[in-house]
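The sequence and the structure come first.

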Amino acid sequence: MWSYWGGISGISKWFAEGLLMMAGLVITPLILLVVFTGIAEGFMEGIGFGVEVFAETLSHTLSYGRLMALGLVHSVMNYLFLVLGGVEHGHFPLMSIPIIATGTFLVMIIEGLIVFVHTLRLHWIEWFSKFYSGEGIPFKPFKFT
Amino acid sequence: MLDPNLTGLIGIALSIGVPTISAAAAIIICGTAMAGVGTEKPELLSRLIITVVLGEALAIYGLLIAFMLIAKLPGLKTMEAATRALMAGIIIAVGTGAAGAGISYAGSSLIGATAERPESYSSNVIGVVLSEALAIYGLLISFMVIGTI
């Protein structure tokens, strides 16, 4: 978890904040991870697990950048239909309203599918692999017999 | 010697052309495999559609970068800025090309394996979504390069 936060703040600040920041946020948790896993399961297991966790958390953090990309895609695709309709700065022809309405409808359909699949993927790969346990008590509906 | 405007235009052409080709490759292979499975087991189609949609998203990323480059096009006065625009196009082209190759191979294998053993879907889908993440990395780096223009 520490290397997770280190990965977030580290990408832009490792070299700006100097060696102390990098040592505190990334290297120390990585060494602790390697040492404790090494004590528990053996030396090579510890190194392998540490490298795996570090690479995984970093790539998962970057993977959430797709939310930013999807937001930008939304604005770009709607702006595309505004341009097609002939809307410019301070100039809004009434003839462009059907084009914009049709375009917004198309964008809604295609983006609903894409955003749904991407959030599903975030849940499956990034979220469930960390926080999902699959335990619990099965639901028994209350009923009169 | 190219002039800055033409260099930027080449970057735009790369950033929309190669992603659409890789998206088409992914959709061609996964879509035909999905059609074959759908004749036997139509109840699996709603889960397998993730391969086609992730392949189609590659073209959307290319569209995004091309649109941002077009917005930057009137400001490309120097050769250095134009080279950065060209590099942004090349980065997204290579990233989505790799992701398209990964999705087309892993996705068709996922579809074939799911038709035989539907319970193996949840572990086999990791190959598809991780190769789709390659395109996201290319997109992020391309954003950073565009930000320096």
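## Model and overall content

The model is predicted. Chain A has five helices and zero strands, and its elements run α-α-α-α-α from the N terminus on. Of the 145 residues in chain A, 11% are buried. Among contacts in chain A with a separation of 6 or more, 37% are between residues 24 or more positions apart.

Chain B has four helices and zero strands, in the order α-α-α-α from the N terminus on. Of its 149 residues, 48% are buried. Contacts in chain B between residues at least 6 apart in sequence join residues at least 24 apart in 85% of cases. Along the principal axes, the C-alpha atoms of chain B fill a box of roughly 60 × 20 × 20 Å.

## Helix packing in chain B

Two packed helices are described by the angle between their axes and the distance between the axes. For α2(B) and α3(B), the latter spanning residues 79-116, the angle is about 175° and the axes are 8 Å apart. An angle over 145 degrees counts as roughly antiparallel, and α2(B) and α3(B) are therefore roughly antiparallel to each other. On the α2(B) side the contact includes L48(B), L54(B), L58(B), Y61(B), I65(B) and L69(B). On the α3(B) side, I92(B), I103(B), L110(B) and I111(B) are among the residues involved. Glycines also take part, including G55(B) and G62(B) of α2(B) and G89(B), G100(B) and G107(B) of α3(B). By class, this contact has 13 nonpolar, eight polar and one charged residues.

Helix α1(B), residues 4-40, also packs on α3(B), at an angle of about 5° and with the axes 7 Å apart. That angle makes α1(B) roughly parallel to α3(B). The residues of the contact between α1(B) and α3(B) divide into 27 nonpolar, 14 polar and one charged.

## Helix α4 of chain A

Helix α4(A) covers residues 65-84, 20 residues in total. From first C-alpha to last it reaches 29 Å, close to the 28 Å expected at 1.5 Å a residue. G86(A) follows α4(A) and has a positive phi, near 90°.

Which residues of α4(A) are buried? They are R66(A), A69(A), V73(A) and M77(A). Viewed down the axis of α4(A), the buried residues fall within an arc of 70°, so they line one face of the helix. An α-helix has 3.6 residues a turn, so residues three or four places apart point the same way. G71(A) and S75(A), on the other side of α4(A), are exposed.

The buried residues of α4(A) pack against elements of both chains. In chain A these are α3 (43-63) and α5 (96-131). In chain B they are α2 (45-72) and α4 (121-147).

## Interface between the chains

How many residues of each chain are in contact with the other? There are 16 in chain B and 14 in chain A. On the side of chain B that touches chain A, α2(B) and α4(B) each supply at least two residues. The largest share, nine residues, comes from α2(B). This side of chain B consists of 16 nonpolar residues, with no polar and no charged ones.

Notes: Residues numbered from 1 in each chain as written. Chains lettered and ligands numbered in written order. Predicted model: local features only at pLDDT ≥ 70, side-chain atom pairs only at ≥ 80, totals over all residues. Expected span 1.5 Å × (residues − 1). Buried ≥ 20, exposed ≤ 12 C-beta atoms within 10 Å, placed from the backbone. Arc of directions from axis to C-beta. Contact = placed C-beta atoms within 7 Å. Nonpolar A, V, L, I, M, F, W, Y, C, P; charged D, E, K, R; others polar. Axes fitted to C-alpha atoms, helices over the stretch in contact; angles between N-to-C directions. Parallel < 35°, antiparallel > 145°, perpendicular 65-115°, else oblique.
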